[in-house]
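Please look at the model below together with its sequence.

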Amino acid sequence: MKLKFKHQQFQADAAKAVCDVFIGQPCQSGMRYLVDPGKSRKSAAPLMDMHGYRNAPLADHMDSDKLRNNLHAVQERNLLKHSGEFSQGINLTVEMETGTGKTYTYIKTMYELNKQYGWTKFIIVVPSVAIREGVYKSFAVTQEHFASDYGKKIRYFIYDSKNLTEIDRFAADSAINVMIINAQAFNATGKDARRINMKLDAFRSRRPIDVIAATNPILIIDEPQSVEGKKTKEKLKAFNPLMTLRYSATPREEYNIVYRLDAIDAYNQKLVKKIAVKGITASTNTATGGYVFFSEIKTSKVRPPMAVLDFDKKGKNSIRSIRRTLCEGENLYQLSGELEEYKGNYIISRINANTNTVEFVNGITLHVGEAVGDFTEDQLRRVQIRETILSHLQKEQQLFRQGIKVLSLFFIDEVAKYRVYDEGSNYHNGEYAKMFEEEYQDVLDNFQTALDDTDYQKYLEAISAHKTHQGYFSVDKKGKMINSPLKRKENSSDDIDAYTLIMKDKERLLDLDPKRSPVRFIFSHSALREGWDNPNVFQICTLKQSESDVGKRQEVGRGMRLCVNQDGERMDYNRLGNDIHRINTLTVIASESYKDFAGGLQRAIADDVPNRPRKVTGNLFEDKKLVSNTGANKLKVDSDLAAKLFISLAKNDYIDDDGKLTAKYEQDYNNAAVKLPEAVADYSQAVLNILSSVYSGEYAGIENDRDKNTEVRLDEDKINRQAFKNLWKQINHKSVYAVEFDSAELVRKAVDALNRKLRVAPLYFTVETGSLQEIASKEQLAAGKAFVKETGGTDQRKAKVRVNNGIKYDLVGKLVVETGLTRKAIVGILTQIKPEIFNMFKANPEEFIIKTAGLINDEKATVVVEHITYRALEETYDTDIFTEPNLKARLGENAIAADRCLYDHVIFDSANECNFAQDLEADKNISVYVKLPGGFFIDTPVGHYNPDWAIAFKEGSVKHIYFVAETKGSMNSMQLRLIEDTKIKCARKHFAAISSEHVVYDVIDSYKSLVEKVMK
């Protein structure tokens, strides 16, 4: 399998944030210098001179004031507070949540810094070998992707003191060069001084650090909170960096932050998985010694609720724990083989799906996830392992048909619990490995009886319990797994196979072929918190004592990346639409209650977002600079406009009395229907971005997995009903699109838009004049207070000076990059706009380029949609997309029972969808309907589009029609976000191409509008 990479806007924005701090710096290729000026060792002939290339320094005009102005402009754009301290060198910070592609982003940033300014020397400093190997792997798998974008490749290598020829190559090569080094390689002193600081005979009596420093490299610190202690900060100065860029999800110190994508942003933008927690709690009720664990409630339309219980059962030779699904009236005393501890009225008296409880005749009540009786730590760990295996198989069965490999990760506190060694190097399973293999086989034996998927059954049968788990730990010189921080051992067998599989061969770990990759369960030390993650980790189990809140967050981070399928395609929002978090859910099997685990995680996240506003206030918007939806204009919010915005939010019930955003706001936001004052209509996305920065104190991406008590099942009768077959035949064809338009038309429209809309403010320096006081004390002079501003009719007199620093700009080239148009098209646009419009370029080049590109791109999007055509393909979607097993929801919260739907329940994403489904259920004219799964999508130039509903009306009612609907909270297309609006327009053309006149596709906001469309 080969991983595929997409161009994602947030990663481009992060790279642009760094690059724009240096706007005005000329592009200069590497500056040539003499690496080795012919110095020779004793008793050796003089060495040949060697020339190298170093990063060009900042130009004279790029002083601290210029950098600070650029920095502030970037921070305003990204809704960040101003900073600008450059007294200790140029330091910038990019904050990116775990799982969003931090390494990809800084590789892209390197390419952009090279492209825009010519810089070629980069050093990545990481805190551990694990992260170092992960970074190295990232360069390998993204190389072709970036080469296709930039037409060149980066030469990258890991620093190795035994292979110093790489240092010479780093210095001598004129291409982009990257050295990856872990902090331990340069951070020792005294007797343990590292070779990087030593004059070495094998290196021409030079110190490697001196050769590196001469290149004036750009330092990139990966996970600075784990790298930069006091000593390390001093050591880093020896690299003589041109600048230092820091990338982290949880930076301890923020040095001029230029871009932030924190946990809240990442979840709201659907860039990471949702977290579902399966908590386990030992009840304080000790009325009996009988052990009972209440795992879940199962409900359906055709039978009463049933409880899944673990309890002990007497066998021929021993007592063992079993799991059974039971109904009211069943007696654990009889089911246990008449064990005495269950004799005291351990009969199920009530199973309550509304409260998620089971009650016994003896008065004991258990909530889902609770255990009672003689509950030892071994039993707790066994339950956790069993719950993890069950969650794994349920997720695996769901995703197997979609070609997605499922992985589970166990965190343990010591190697001996996974693997035990004798005096030699022989080993056998530790207690957790034994538990795993026993529980895996038992769960599998019971799970298989419910399967009707032959391919999945064969997959399970091909993998043994012993081969499907592996350990990921440090190894010693003899190849034994040990508890110390991860390090690589080159000559061990099984251990290095595991290391290679996890760190260097991620693609093979993701392979669904059981012969090539049987490993699905990974055991690791709790120290695995940084440096490795895998997109297809769907379960994390903590088989150890409760960790700190920070520890929880770091461990959960190992599974937050969005999953990929067997084609290496990321299953993101463009691919799955609203199904993204039904597929991308990380289940955490915790050794504590949901409340305790989720509370700790919430606290850790809250600690990581201290700068977010906690509520909407009257001054939230004041002094903010809003960028228009097209990027062409800016608007500074004064106190009057800020007050109007606040009043509007209150009038529309978007905020409560405490300033918290309401459920109504969330619903309208999800439906692209937020109502805002007319004054900010052209700046709506900027306003929504500010509102998205408000943190209520509760991270929405965590849910209680125990609450999902409703099994959603496909109704076989309805999928075989002729009405559905007719509907499906009308809409199941796939299509391909093409865009053909006359570039002259785009040039004309762009010229017109620029002439009408482009406004660029001249850039001024403000000069204040003053005079020396006639009498100034020495103290005043020393303090710099001897000068006073001259006053006139106002507070002070200012002289405004137009900027003209002689910097050369490749205007055409810049606009080609920003718009993707040909140089010919850009020249055509620039030569036809009015002279007074073109002259704005001289007044403020940077703003002219940004606004011109924004307006051209806006017209480009319009032309693309106007000229796009769709053609139906022979290929169709199969009804298999409706047959996902193990769909679960919470009745009354995000699911309702259904009679006319293809499923026995409808899972909804908003109150608007719930109301719509209820109205469909009540309409006797509807034969069958379905909420379309994420696997059903339409290709568009701006990503995959997944319509909401497909509806078949009964023959003879109104008129026979099949309706494909997109439910939005507002019919005002001006309020739809640009990408959503573009997708909808493309969908209209898709359905027109593949369907007959009996199919109608439209956007509706309610059942009433559906009826109005049908009755036309």
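## Confidence

For the protein chain, the mean pLDDT is 84, with 87% of the residues reaching 70 or more. In residues 485-497 the pLDDT is below 50, and this stretch makes 31 contacts in the model beyond near neighbours in sequence.

This is a predicted model, in which local features need pLDDT of at least 70 and side-chain atom pairs count only at pLDDT 80 or more, whereas totals for chains, interfaces and linings use all residues. Residues are numbered from 1 along each chain as its sequence is written, and side-chain values use heavy atoms, with hydrogens and water left out.

## Overall make-up

The protein chain contains 34 helices and 44 strands, which are DSSP runs numbered from the N terminus (helices H or I, at least four residues; strands E, at least two). Of its 1016 residues, 53% are buried, where buried means under 20% relative accessible area, exposed over 50% and partly exposed in between, with a 1.4 Å probe and protein chains only.

Among the contacts in the protein chain with a separation of 6 or more, 72% are made by residues 24 or more positions apart. The chain exposes about 45500 Å², of which carbon and sulfur atoms supply 48%; accessible areas come from the Shrake-Rupley method with a 1.4 Å probe, and for residues only the protein chains shown count as cover.

An open sheet is formed by 7 strands in the order 5-6-4-7-8-3-9, with parallel pairing, two strands being paired if DSSP finds at least two bridges between them. Strand 5 (155-158) and strand 9 (257-261) stand at the edges, and because each has a single partner strand, one side of each is left without a neighbour in the sheet. Neighbouring strands of this sheet are turned by 15° against each other on average, direction ignored.

Helix 1 (residues 9-19) packs on the sheet, where it touches strand 3 (91-96), strand 8 (243-248) and strand 9, and its direction makes about 170° with that of strand 9; axes are lines fitted to C-alpha atoms, for helices over the stretch in contact, and angles run from 0 to 180 degrees between N-to-C directions. Within the sheet, strand 4 (residues 121-126) and strand 6 (residues 177-182) run parallel and are joined by 6 bridges, and V125 stands opposite I181 in strand 6.

## Cysteines

With a disulfide taken as a pair of cysteine sulfur atoms within 2.5 Å, the count comes to 0 disulfides. C563 counts as buried because its relative accessibility is 0%, and C986 is buried with a relative accessible area of 0%.

Note on methods. Contact = heavy atoms within 4.5 Å. pLDDT = per-residue confidence, 0-100.
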